[in-house]
Amino acid sequence: MSEDRKNEIRSHTLLTTTRRHLLALGASAGALAWAGPKAGWIASAKAATPPSKPTGQAVIGLSQEPTVFLPLLAHIEVDEGVYFNLFSPLWRVDEKGSFQPDLVAEVPTLKNGGISADGLQWHLKLNDKAKWHDGTPFSADDVKFNIELIQNPKFLAGRRSGIDLIQDIKVLGPSELTFTLKKPYAPLPSILSWTFLVPKHLLEKASDINKPEAFLAQPVGTGAFKWVERVPGDHITLSANDAYHGTGPYLEKLIFKYVPDLTVLYTQFQTGDVDYIGIQGITPDHYEEAKSLADRHVTPVPQPFIENIAFNLGNPIFQDPAVREALYLAMDKQSIIEQIYYGLPSPTESFLPKQSWAFNPDLPKQAFDQEKAKKLLDDAGWKPGADGVREKDGKRLEFLNSTTAGNHVREQAQQLLQQTWGDIGAKMSIKNLPPAVMWGDYWNLSQFDTTMVGIDFMVGPDPDATQYFASTGIVAKGGAGNNTTQYANPDVDKLLAEGAATVDVEKRRAAYMKMQELTRKDLPFLPIFQYAMVQGVKGKLEGFTPNVNVQENCWNASTWFWAN
Amino acid sequence: MANFLLGRLLQSLVLLFIVSIIGFAVLHLAPGGPLSQFALVPGLSKEDLARIAHEMGLDRPLPVQYWEWLTRLLGGDWGHSYRDNQPVLAVIGGRLSATLELMGAAILISVVVGVWIGVMGAIRSYSIFDMLATVGAMVALSIPTFWFGLIVIYAFSVHLGWLPPGNRTTVGSESTFLDYLHHLIAPAMVLALVEVAIWSRYMRASMLDVINQDYIRTARAKGLPERTVLWHHALRNALLPMIALAGVEIPTLLGGALVTETVFTWPGMGRLLLDSLGYRDYPVVMGILMFSALLALLGNLFADIFAAVADPRIRLT
């Protein structure tokens, strides 16, 4: 059901663009300031200061239940909301996309010598103040244990890419270690920023490392909050960790409350039972009403997901670039955004969110022009048949569009596309499927024609989209990746390889800028907009910061507090 | 009696076996699987997913998977949830108290109110009360629970502020008995609405049947007070068919309510089933299926036994 929920995020989230909306938001969200298109909304200078000792509690409402408490196992974003507070990564990525030390004393870079010039030798100095919640000091042995656990073939590790390149781990002392990479890999720092470390002393004895029952019942981390209890299907309670090595925590208790229905979740926010709506946010149809609630801050915050129409390029009709271009021209983006998504998401031409350091703002802008689309198809030899549907070489311009069934917002967008595409002689039929079917083989093995989907193409804050665009990632052709559109462009392959192999940010930026031009030109997917979610916060809860570089928005709950 | 029980036991075992095969097949043949929730998780490649599927044994032939599941079940191991790795029995056990609380309250309300309405409707059949009760029952049965639940929340929680908007207790505070009770009112009422309608209709029909019997006329002819005739002679006989209905209700009592539990954020069995189905959490869904099947068989067995105890005309053979 995760997909279902993800689609909820995607369909219920908004992003501001127009000046009118910026002004309206500025008025309703006093604590936030617009810091330009790159930075987005940030909390302005706060009037209130955090308390001297942890006080009060915050109830975070989620429409999906966190269930995986060994963070190295495969999990979904909602689980990461808990991880950010219970566990710690070596470093974390802030809202500007830069790395901040967490379990390390300093983030290794080329400049400080933590990474060698060829990107292969890494030297980590750890934070010697960090302690596990049971009092055991955190040490270099723990880091080694985690890397080896992820590499252990018996362990059902979620993500292994990047970490599988690490070898020759040498522990130099309790808070110092070095390792070597098999080849340079630029996204590794990003991957490590969402790799949450688990204690060696509690897990090395587990009889079944995939089901360490004692640990799962009472997880122990190094985060700002400690585990108290989980009532399955209901909530998880964490309490302040007084010995936390970082800033905070300022709250005595953090509660993740599972409320499966989004309307009910909003109602509980309205009545004050939920203090903060995380991850899924408030549904767009409640946005206007929510803004007028007394003592609540309701703000759209950008998310990294890009809503798009993914083509299956294995289908002969989509192999003609004119068809893809014509369909893009005949997409009424503005109506989709204005009428279906309540006028708030921001149109985009790229696969990267606008807040990414590699985002290319100069891509040609799509304009809704059905006449031009028709001419393009005429010129390419697609002639209207007896029933108005275009044909070429015996192939009709007729295809399916699929997404998760039951997502009403998306269904409306599909109907609009069906109409504007029908006008130019392209017949689209809607075939929506339950989440477990839609995102199973149908999607993975490219059995669809076109899909309406919201994707975060990045690897955390890293713009490396190899999984989605490299020709080696086509599962339907035996590859390993997520290239379900079956896109294959040798230039893109080359740019992706260049971007991943160097740690020089300027060189990487140049590669990704060029790559965005290519995907804009080739259109393996039609970009529609970048998502945001409508965040709801109870009046005096302060300290939250939107961060497009993480998958959920409880990433800095350690610095939340109640203003007096 | 012993023969009856033994026969029933054998019958039940065969039934459970058939249920398990059908359930397992339908569940696994439905497209998608427990790993499709990860399809769009960034950084998790198809290669990773194929590896995890293999480690979990999901890529083996179905009969092999079924055989393994069955042999482990016979050995007392119900398996572990794919979602949180907890043993299936613990997962189900953790939801029983919430469900018992809600369903118990709802069924208690509905039996008391439903029987009363049914009896009154039968005694004064085709009176205004009876017609109102009939129309009311139709309306109650037709109202979508989801909608009705939301209306109750809007009216009593958002606007009037009398009742909490769902949840079993106040989140983040010490839970007292009164707090539990306060949270129970709205969901129990919403759930009871439908049940009252069902019970009142059955009760009315059964009561009407009985009060036209000869022995009631005889009782009246003996000059017994009407109250004694109705509540002593008639009701006791009219309640007999209700025992069978109660037997059918036992699995519901523990099976939970899918919709009400979702609207009122109630962490019971209904929600567990819904969530587990959504995630294709095979071991838990199979666990719930077997558990419910077992309850249904037990419920019917008890109903038969109680009916025999209550009605000497029935013999168990």
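**View 1. Asp393(A) sits in the loop between strand S16 (390–392) and strand S17 (395–396) of chain A.** Helices (H or I, at least four residues) and strands (E, at least two) are DSSP runs, numbered from the N terminus. This is a predicted model, in which local features need pLDDT of at least 70 and side-chain atom pairs count only at pLDDT 80 or more, while totals for chains, interfaces and linings use all residues. Residues are numbered from 1 along each chain as its sequence is written, and chains are lettered from A and ligands numbered from 1 in the order in which they are written. Asp393(A) has a phi near 50°, a positive value in a residue other than glycine. Most residues other than glycine have a negative phi, and most peptide bonds are trans. Because Asp393(A) has 9 C-beta neighbours inside 10 Å, it counts as exposed; a residue is exposed if 12 or fewer other C-beta atoms, placed from the backbone, lie within 10 Å of its own, buried if there are 20 or more, and partly exposed in between.

**View 2. Thr265(B) lies in the loop between helix H11 (258–263) and helix H12 (269–279) of chain B.** The phi of Thr265(B) is also positive, near 50°, in a residue other than glycine. Thr265(B) is buried, because 29 other C-beta atoms lie within 10 Å.

**View 3. A cis peptide bond joins Gly248(A) and Pro249(A).** The omega angle of this bond is about -5°, and Pro249(A) is placed in the loop between strand S10 (235–240) and strand S11 of chain A. Chain A contains 19 helices and 23 strands, and 57% of its 564 residues count as buried.

**View 4. Chain A and chain B touch through 54 residues of chain A and 46 residues of chain B.** Two residues are in contact if their C-beta atoms, placed from the backbone, lie within 7 Å. Among the elements of chain A that each supply at least two residues to the side touching chain B are helix H1 (2–12), strand S11 (253–258) and helix H9 (262–270). H9(A) gives the most to that side, with five residues. The residues on this side of chain A divide into 24 nonpolar, 17 polar and 13 charged, where Ala, Val, Leu, Ile, Met, Phe, Trp, Tyr, Cys and Pro count as nonpolar, Asp, Glu, Lys and Arg as charged, and the others, Gly among them, as polar.
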